[in-house]
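Open the model in your viewer and keep the selection tool at hand. Each stop below says what to pick and what to look for.

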Amino acid sequence: MPGIVKVSASILAANFAKLGDDIARLEDAGCDEIHFDVMDGHFVPNISFGAPVLEAIRNLTSLPVDVHMMVTEPGRFAEQFASAGADIFTVHAEACSDLASTIMDVSAAGMRPGIAINPGTEASAVTRYVSSVPRFLVMSVEPGFGGQSFMPAVLPKIGELRSVAERHERDIDVAVDGGVKIANAPAVIEAGASTLISGTGIFNHTEGMAAAIRKIRQQ
Ligand code: DX5
Ligand code: ZN
């Protein structure tokens, strides 16, 4: 089991007219990381935002930014997002024709690579990368939209990836994304997750962001 659990806030749920203010509020609320969802209208049936928006907010926070690329052949954009200030660049296994070379492109651009898998993709699709990437991201909804319901069926897969990491003595980050809220956070942590990504669970919580983050982290 991982030690300290981190909470990453998906700014897909932010008020885009006041994005800078929302990021400052997240930082004040004790958030550990910003999760930046990029959608291309091709890999997923929706379009969000891209590198110019990251560049605009990058200097407003010292928090690490994980760019979640829901984009076909995301390696094409590695340099651009590295220049815009991305720390982690998470690509979908399903979106890369050559995942190994995409991972190399991400590292060469100076970012930490992450590999995301959709709810229907088995852990075995990515376990061979356990020694070459610092993060796996397990989707707990079909990617494309915020505010969907968490799929408990992915819990065993979180555990599988944690076990593979332990067998290889790798302190890898297993992140979980989609529908994560206070109510399901204990099960997600128990399964072996070390980073909990949440959008509406943080931004729409009635007691405010700080309470949401603290309670999702369970500490
Ligand atoms: C879904 C995105 C998620 C989403 C999370 O396609 O990758 O990061 O914004 O939002 P919630 O927590 O509201 O499901
Ligand atoms: Zn995401």
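Begin with the aromatic rings. There are 3 aromatic pairs, counting rings of Phe, Tyr and Trp (its six-membered ring) with centres within 6.5 Å. Planes under 30 degrees apart count as stacked, over 60 as edge-to-face and the rest as tilted.

This is a predicted model, where local features need pLDDT of at least 70, side-chain atom pairs count only at pLDDT 80 or more, and totals for chains, interfaces and linings use all residues. Residues are numbered from 1 along each chain as its sequence is written, chains are lettered from A and ligands numbered from 1 in the order in which they are written, and side-chain values use heavy atoms, with hydrogens and water left out.

**Stop 1: the rings**

Select Phe36 and Phe49. Their ring centres are 4.6 Å apart and the planes meet at 50°, so the pair is tilted. Phe36 sits in strand 2 (residues 33-39), and Phe49 in the loop between strand 2 and helix 2 (51-58), so the pair ties together parts 13 residues apart in sequence. Helices (H or I, at least four residues) and strands (E, at least two) are DSSP runs, numbered from the N terminus. Phe36 is buried, at a relative accessible area of 0%. Phe49 is buried too, at 11%. Buried means under 20% relative accessible area, exposed over 50%, partly exposed in between (1.4 Å probe, protein chains only).

**Stop 2: the zinc ion**

Select ligand 2. Which residues coordinate the zinc ion? They are His35 (NE2), Asp37 (OD), His68 (ND1) and Asp177 (OD), at 2.1 to 2.2 Å. Donors are N, O and S atoms within 2.8 Å of the metal (3.2 Å for Na, K and Ca); water is not among the atoms, so sites may look incomplete. Along the chain, the donors follow the spacing H-x1-D-x30-H-x108-D. His68 lies in strand 3 (residues 65-70) and Asp177 in strand 7 (residues 173-177), so this pair ties together parts that are 109 residues apart in sequence. Both His68 and Asp177 are buried.

**Stop 3: ligand 1**

An oxygen atom of ligand 1 is 2.7 Å from an N or O atom in the Asp177 side chain. A polar side-chain atom of Ser10 lies 2.9 Å from an oxygen atom of ligand 1. For Gly179, a polar backbone atom is 2.8 Å from an oxygen atom of the ligand. Taken alone, ligand 1 exposes 380 Å², and the protein buries 100% of that.

Methods:
A polar contact is a pair of N or O atoms within 3.5 Å; within protein, one must be able to donate a hydrogen and the other to accept it, and residues adjacent in sequence count only if both atoms are side-chain atoms. Accessible areas come from the Shrake-Rupley method with a 1.4 Å probe; for residues, only the protein chains shown count as cover.
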